[in-house]
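Please read the following briefing with the sequence and the model side by side. It begins with confidence and then turns to the fold, the sheet and the ligand.

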Amino acid sequence: MLLYLSLSFSYKTIMDFQNKKIVITGATSGIGLEIIRQLQPFHPEIIAVGRAIEKIPALPGVYPFAADISTQEGVDSVFDFALEKLGNIDVFIANAGFGYYEKIESPCWEHAEQIFSTNVFSPIYGLEKMVEICKDRKFTYAITASGLGRVYMPGYVLYCSTKHALHGFASSKQYELPANAHLCTIYPVAMETEFFNRAGGEKMPRPFPVQKVTPAVRNILKDLRKEKQRSYPYRLLPFIIWLSSVFPFLLKINNGIEKKKFNRFMAGETH
Ligand SMILES: NC(=O)c1ccc[n+]([C@@H]2O[C@H](COP(=O)([O-])OP(=O)(O)OC[C@H]3O[C@@H](n4cnc5c(N)ncnc54)[C@H](OP(=O)(O)O)[C@@H]3O)[C@@H](O)[C@H]2O)c1
């Protein structure tokens, strides 16, 4: 009986992604690459986007495409390639992004611009393009935000700003979307991907909690299947967000701990 229930549950999941035409940015590692792996058995056609596309394994139905999605030209080129190759797009997962783990020492416009272009402008522009291209056709658009789009943490000032911006954008946009559009914002917690190495190097401390990528992506795909507006791959995160809004001192205590870790990291780096 249990086997039957679990089989019928996964069969339902399979049905949703079967033969879908999907674009995933940030597909060369981490969450994006794991999404491709978990979708593979369901035979969708996938445009897998990143700059280092040599890292994407050769898989049937997966078409790697090299683009820098931090520019308008880069995003336009992704849409041009996807429409030429697939004819249309059913699901677009705007997942590419990166973080800085740093103390801002001097003003630098380009530094802030780079992270906002990649993490914020690109997914916003991508959704506007999907609305225009799909007209009345049903589509799903997912944006990978972060748990740090709901709470905040020392060391991640610009990163938090970008993810809070996405949260504000997506939450307001839900009220304006046409009926054929499904928008899902994803709020992962820390995961062992390339993210931390890129943000601060191998030795940077990880914030609590940390989740494994495989179950997180499984939950993301379940939530997309159910057409949820928000996906919390770490299922306790909504409770943590609620706790920190009702008892703000808990967030302050946690951030006190994170600040100590951050200060130690910065001291180690400069000595
Ligand atoms: N890991 C975590 O702890 C965590 C937690 C919360 C949210 N997130 C979010 O999850 C998303 C995926 O991150 P991840 O954890 O999978 O990290 P990752 O392993 O570092 O993957 C990031 C992906 O984004 C792509 N990317 C970055 N900048 C790009 C650009 N300008 N143009 C094209 N592609 C670009 C990278 O590809 P190339 O370098 O090949 O271009 C890579 O495929 C990000 O939005 C991140 O903010 C991660």
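**Confidence**

- The protein chain as a whole averages a pLDDT of 93, and 93% of the residues score at least 70.
- This is a predicted model, in which local features need a pLDDT of at least 70 and side-chain atom pairs count only at pLDDT 80 or more, while totals for chains, interfaces and linings use all residues.
- Residues are numbered from 1 along each chain as its sequence is written.

**Overall fold**

- The protein chain has nine helices and nine strands, which are DSSP runs numbered from the N terminus (helices are H or I with at least four residues, strands are E with at least two).
- The radius of gyration of the protein chain is 19 Å, close to the 18 Å that the globule rule gives for 271 residues, so the chain is as compact as a globular protein of that length; the radius is taken over C-alpha atoms, and the rule is 2.2 Å times the number of residues to the power 0.38.
- Taken along the principal axes, the box that the C-alpha atoms of the protein chain fill is roughly 55 × 50 × 40 Å.
- Of the 271 residues of the protein chain, 35% count as buried, which requires 20 or more other C-beta atoms within 10 Å of the residue's own, with C-beta atoms placed from the backbone (12 or fewer is exposed, and in between is partly exposed).
- Among contacts in the protein chain with a separation of 6 or more, 65% are between residues 24 or more positions apart.

- Seven strands form an open sheet with parallel pairing, in the order 3-2-1-4-5-6-9, where two strands pair if DSSP finds at least two bridges between them.
- Strand 3 (62-66) and strand 9 (230-231) are the edge strands, each of which pairs on one side only.
- Six of the six residues of strand 5 are buried, so this strand is largely enclosed by the rest of the structure; Phe139, Tyr141 and Ile143 lie on one side, and Thr140, Ala142 and Thr144 on the other.
- Strand 5 (residues 139-144) pairs in the parallel sense with strand 6 (residues 181-186) over six bridges, and the bridge partner of Thr144 in strand 6 is Ile186.
- Strand 4 (residues 91-94) also runs parallel to strand 5, joined to it by four bridges, with Ala94 opposite Ile143.
- Strand 1 (residues 21-25) is likewise largely enclosed by the rest of the structure, because five of its five residues are buried: Lys21, Val23 and Thr25 point one way, and Ile22 and Ile24 the other way.
- Five bridges pair strand 1 with strand 2 (residues 45-50) in the parallel sense, and Ile47 in strand 2 is the bridge partner of Val23.

**Helix 2 and the ligand**

- Helix 2 (residues 30-39) is mostly covered, with eight of its 10 residues buried, among them Gly30, Leu33 and Glu34.
- Helix 2 gives the most to the shell around the ligand, with three residues, while strand 7 (190-191) and helix 6 (195-200) each supply at least two.
- Of the 29 residues around the ligand, Gly26, Gly30, Gly50, Arg51 and Gly97 come nearest, where a residue is near a molecule if its C-beta atom, placed from the backbone, lies within 6 Å of it.

Technical notes: pLDDT = per-residue confidence, 0-100. Contact = placed C-beta atoms within 7 Å.
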